[in-house]
Protein chains: 2
Amino acid sequence: MSSSPMIIRAAIVGYGNLGKSVEKLIRAQPDMDLVGIFSRRSELDTDTPVFPSAAAADHAQDIDVLFLCLGSATDIPEQAAGYARHFTTVDTYDNHQLIPDHYARMDAAAREGRHVAMISTGWDPGLFSLNRTLAAALFPDAQQNTFWGKGLSQGHSDAVRRVPGVRRGVQYTIPNEDAIVEAKAGRGAEISATSAHVRECYVVADEADHADIREAITTMPDYFAPYDTTVHFISDEVFERDHQGMPHGGHVVTSGDLGGSRSSVEFVLELGSNPDFTAASQVAYGRAAARLTAEGKTGAFTVLEVAPYLLSPVALEELIRRDV
Amino acid sequence: MSSSPMIIRAAIVGYGNLGKSVEKLIRAQPDMDLVGIFSRRSELDTDTPVFPSAAAADHAQDIDVLFLCLGSATDIPEQAAGYARHFTTVDTYDNHQLIPDHYARMDAAAREGRHVAMISTGWDPGLFSLNRTLAAALFPDAQQNTFWGKGLSQGHSDAVRRVPGVRRGVQYTIPNEDAIVEAKAGRGAEISATSAHVRECYVVADEADHADIREAITTMPDYFAPYDTTVHFISDEVFERDHQGMPHGGHVVTSGDLGGSRSSVEFVLELGSNPDFTAASQVAYGRAAARLTAEGKTGAFTVLEVAPYLLSPVALEELIRRDV
């Protein structure tokens, strides 16, 4: 029972939305120093030192954990294992079906370099995975449903904007509250993908076009027709004030019988910014990765394999005193 | 990355509400065998083998984990360390302020016997502790509130039943929904103990006494006067049908700023039976305790120190495939 104070020297590779969020959150940690950002571009709009990503390995001795803020589509599959040979890494790889392959590749690379590779540490996969495993372990026969939202959906927003007459538009996917109540009551097996969520669209358009636009959206096959869809017409001013963010979130609902009584466990996220919260989870698991490396551990780890106290900058003794 | 299938030989000491719930849940686990129950009484109403608790140590070689289903007030402080010298144990000790002392005592005893002592594994302390630590670790400056209920309160139910004219009565403590919304929005520091909860009483009494009883309850100092209190008068039939259970639950709400955006994390329990759910958490952490002992670990552990996959009967590879 001890957690020695340790200053963690951190670096980032990739400087999109996620990398920028990780940068500001590392700076807010009491136990992390931001050494630099690796990028293919020589000039970034930041006062953090920027180094060419091609020369990253030269800095390996100065870095305790490297945050891989790279895209899941191609960058992570192509580049992550290369970094794991030289650094303790933490990523937010989110292609659920390919995670076992990613785990195997990162495990081999990290063991080769005697580092830790912490994988898929965002919120889904990530914190939702942790809650799915934790809650399912409590019930002999668990019923489990994951709901996503309220969240900005890029694909559906694009579909709205393609409707003639729409000047500006966004679409939010929202969990159906009735479906959540059903899931808690153990009737989640009957919930379909379409009944679990409703769709809300916010559109700026000339008033003469409103009726046609509403009809075109709500009857659009696949995208909106199977769903309970609502279209709100708003002004440019309201659009700019209220619909510029990247909100997201969701619910993991687990319920079951415990030998005569029924209970439910629910984990809910309401996120003002998807990249900021994904970064918050990645930064906390980056702390755990650095500590596991300091303990002499090697190989790939998922969030399922990390003891919760390793995420906190607060010493274990103090956590036990105040949280337990 | 491996979790070998292992049959865990379990036993129970103490056969009150918690012990009975643990008994039925151990029987529902795919990887546990129930060896017996230790009791000071020679006859228990069960078909599980019963052994005298004075001779427990004689059975130590046949038991992988001993569930301590004893009261927190006096039994755990007096007896738990004695068991930890001979067995890997798991308890639900719930006196928050004394947990550091309990940890130290169990750590010493478990190390002496080269066992694991998993402590305070119910839901608060327990699963709520895990969520407080996890969620607080995500925010540089977290605002955190714990709400309890809907729950049957024994002390307040007793106070209702002492009011003249009350034939039967129960009281439920219920989180104030408005206070939860405030907490998610980051204004939880202003929530007081009284504003966080409302109190609902269900009373059976003669109609002639209703007005006096309502007045006596809602103006009772400390117990009800400072709270938003509602009194419902119901029939004997409704009382027997709807108010015989031991429901409980609660919310851990954490929110904070992530450098320009605000997010919230909420963990919610709705429990049909407090002892059944406490037992469900204890049984899952009992599995973790047996596995840690099998790995050669010794000493006391809190829920903060346990990797989530250790709670599940499902192998890690399969959990990664389906939950992550």
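Asp124(A) counts as buried in this predicted model, because its relative accessibility is 17% (buried means under 20% relative accessible area, exposed over 50% and partly exposed in between, with a 1.4 Å probe and protein chains only). The residue lies in the loop between β6 (116–118) and α4 of chain A; helices (H or I, at least four residues) and strands (E, at least two) are DSSP runs numbered from the N terminus. Not counting residues up to four places away in sequence, Asp124(A) touches His96(A), Arg132(A), Thr146(A) and Trp148(A), where contact means heavy atoms within 4.5 Å.

The model is predicted, and local features need pLDDT of at least 70, side-chain atom pairs count only at pLDDT 80 or more, and totals for chains, interfaces and linings use all residues. Residues are numbered from 1 along each chain as its sequence is written, chains are lettered from A and ligands numbered from 1 in the order in which they are written, and side-chain values use heavy atoms, with hydrogens and water left out.

Glu266(A) is placed in strand β13 of chain A. Its contacts, leaving aside neighbours within four places in sequence, include Ile180(A), Val252(A) and Val253(A), together with Glu266(B), Phe267(B) and Val268(B) of the other chain.

The table lists side-chain polar contacts of these two residues. A polar contact is a pair of N or O atoms within 3.5 Å; within protein, one must be able to donate a hydrogen and the other to accept it, and residues adjacent in sequence count only if both atoms are side-chain atoms.

| Residue | Partner | Distance |
|---|---|---|
| Asp124(A) | Arg132(A) | 2.8 Å |
| Asp124(A) | Trp148(A) | 2.9 Å |
| Glu266(A) | Lys184(A) | 2.8 Å |
| Glu266(A) | His251(A) | 2.8 Å |

Lys184(A) also forms a salt bridge with Glu270(B), the closest N and O atoms being 2.8 Å apart; a salt bridge is a side-chain nitrogen of Lys or Arg within 4 Å of a carboxyl oxygen of Asp or Glu. Between chain A and chain B there are 2 salt bridges and 22 residue pairs in polar contact, both residues being at pLDDT 80 or more. Elements that each supply at least two residues to the side of chain A that touches chain B include α1 (17–27), α3 (99–113), α4 (127–136), β13 (262–271), α9 (274–294) and α10 (316–323). Of the elements, β13(A) gives the most to that side, with 10 residues. In total, 62 residues of chain A are in contact with 62 residues of chain B. The two chains bury about 5,100 Å² between them, 67% of it on carbon and sulfur atoms; buried area is the accessible area (1.4 Å probe) that two parts lose on being put together, summed over both.

The largest nonpolar core has 160 residues, of which Phe67(A), Phe277(A), Tyr285(A), Phe67(B), Phe277(B) and Tyr285(B) touch the most other members. A nonpolar core is a set of buried Ala, Val, Leu, Ile, Met, Phe, Trp, Tyr and Cys residues joined through side-chain atoms within 4.5 Å. Apart from this core lies another, of 13 residues, among them Cys201(A), Val203(A), Ile217(A) and Phe224(A).

In helix α2 (residues 75–84) of chain A, the buried residues are Ile76(A), Gln79(A), Ala80(A), Ala81(A), Tyr83(A) and Ala84(A). Their cover includes β1 (8–13), β4 (65–68), β5 (89–91) and α3 of chain A.
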